[in-house]
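Work through these exercises with the sequence and the model side by side. Try each task before reading its solution.

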Amino acid sequence: MRAALAAWLVLSLLGGSGAQGMCGDPPAAPSHSIPAPQLSPEERLSPHMPQSLLCDACHAIAFQIEEQLSKAEGKVGKKALKESDYIEVLERSCSQDWERLSKLCHGYVGEQGEAQLYGAHRRGPAALRQLLCHGDKGPCASRKERPGPPKALQNEL
């Protein structure tokens, strides 16, 4: 009887049947799903980032820049990078295979300057996001701070 029970236990564990819910099983990982934004046909085919996604895109770029600069600093013992090194890291960060984000990233680096971006990084991730995304000209600036789109002229009769 013990031999049969032992054989059943081994076969159950190897075959996977009957092993569900046992004490040693790892808990099932919760699954999360985020749907892709709904884009118009024009937006899907355009090489430009839709206006409605510019703020999110900026945050993604800031995150990638922060990650790459932190990784580079980790290689030199958390010391400040030399100018040539952080310029190379920023160039590499923006040159990833990112369809639309690469062009935006290069634009942000060109607009702000490598030294200013690296200085913001050294102050922390929030400072980098503030500089890139939430400043006066940033894509996340509130609508009250930015002028709205020009109003269409009406034909007078």
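**Exercise 1.** Decide whether Cys-94 is buried or exposed, then find its sulfur partner.

Solution. Start with the cut-offs: buried means under 20% relative accessible area, exposed over 50%, and partly exposed in between (1.4 Å probe, protein chains only). Cys-94 has a relative accessible area of 1%, so Cys-94 is buried. Next, look for a disulfide, a pair of cysteine sulfur atoms within 2.5 Å. Cys-94 is joined to Cys-105, S to S 1.9 Å. The torsion about this S-S bond is -60 degrees, and the link of Cys-94 and Cys-105 is left-handed. Cys-94 sits in helix H4 (residues 83-94) and Cys-105 in helix H5 (residues 101-112), 11 residues apart. Helices here are DSSP runs (H or I, at least four residues), numbered from the N terminus. Cys-105 is buried too, at 0%.

A note on the model: it is predicted, so local features need pLDDT of at least 70 and side-chain atom pairs count only at pLDDT 80 or more, while totals for chains, interfaces and linings use all residues. Residues are numbered from 1 along each chain as its sequence is written, and side-chain values use heavy atoms, with hydrogens and water left out.

**Exercise 2.** Find how many disulfides the chain has and which pattern they follow.

Solution. The count comes to three. Take Cys-58 and Cys-133: their sulfur atoms are 2.1 Å apart. The torsion is about -95 degrees, so this disulfide is left-handed. Cys-58 is in helix H3 and Cys-133 in helix H7, 75 residues apart. Both ends are buried: Cys-58 at 0%, Cys-133 at 0%.

Now take Cys-55 and Cys-140, with sulfur atoms 1.9 Å apart. The link of Cys-55 and Cys-140 is right-handed, with 110 degrees about the S-S bond. Cys-55 lies in H3 (residues 54-75) and Cys-140 in the segment after H7 (125-134), so this pair ties together parts 85 residues apart in sequence. Cys-55 is partly exposed at 24%, whereas Cys-140 is buried at 16%. Finally, count the bonded cysteines along the chain: the pattern is 1-6, 2-5, 3-4.

**Exercise 3.** Check the span of H5, then work out which residues of H5 are buried.

Solution. The expected span of a helix is 1.5 Å times one less than its number of residues. For the 12 residues of H5 that should give 16 Å, and the end C-alpha atoms are 16 Å apart, which agrees. The buried residues are Leu-101, Ser-102, Leu-104, Cys-105, Tyr-108, Val-109 and Gln-112. They cover an arc of only 165 degrees around the axis, which puts them on the same side of H5. The arc is that of the directions from the helix axis to the C-beta atoms. An α-helix has 3.6 residues a turn, so residues three or four places apart point the same way. Lys-103, Gly-110 and Glu-111 are exposed, on the face of H5 turned away from its buried side. After H5 comes Gly-113, with a positive phi near 95 degrees.

How values were computed:
Helix = DSSP H or I, 4+ residues; strand = E, 2+ residues; numbered from the N terminus.
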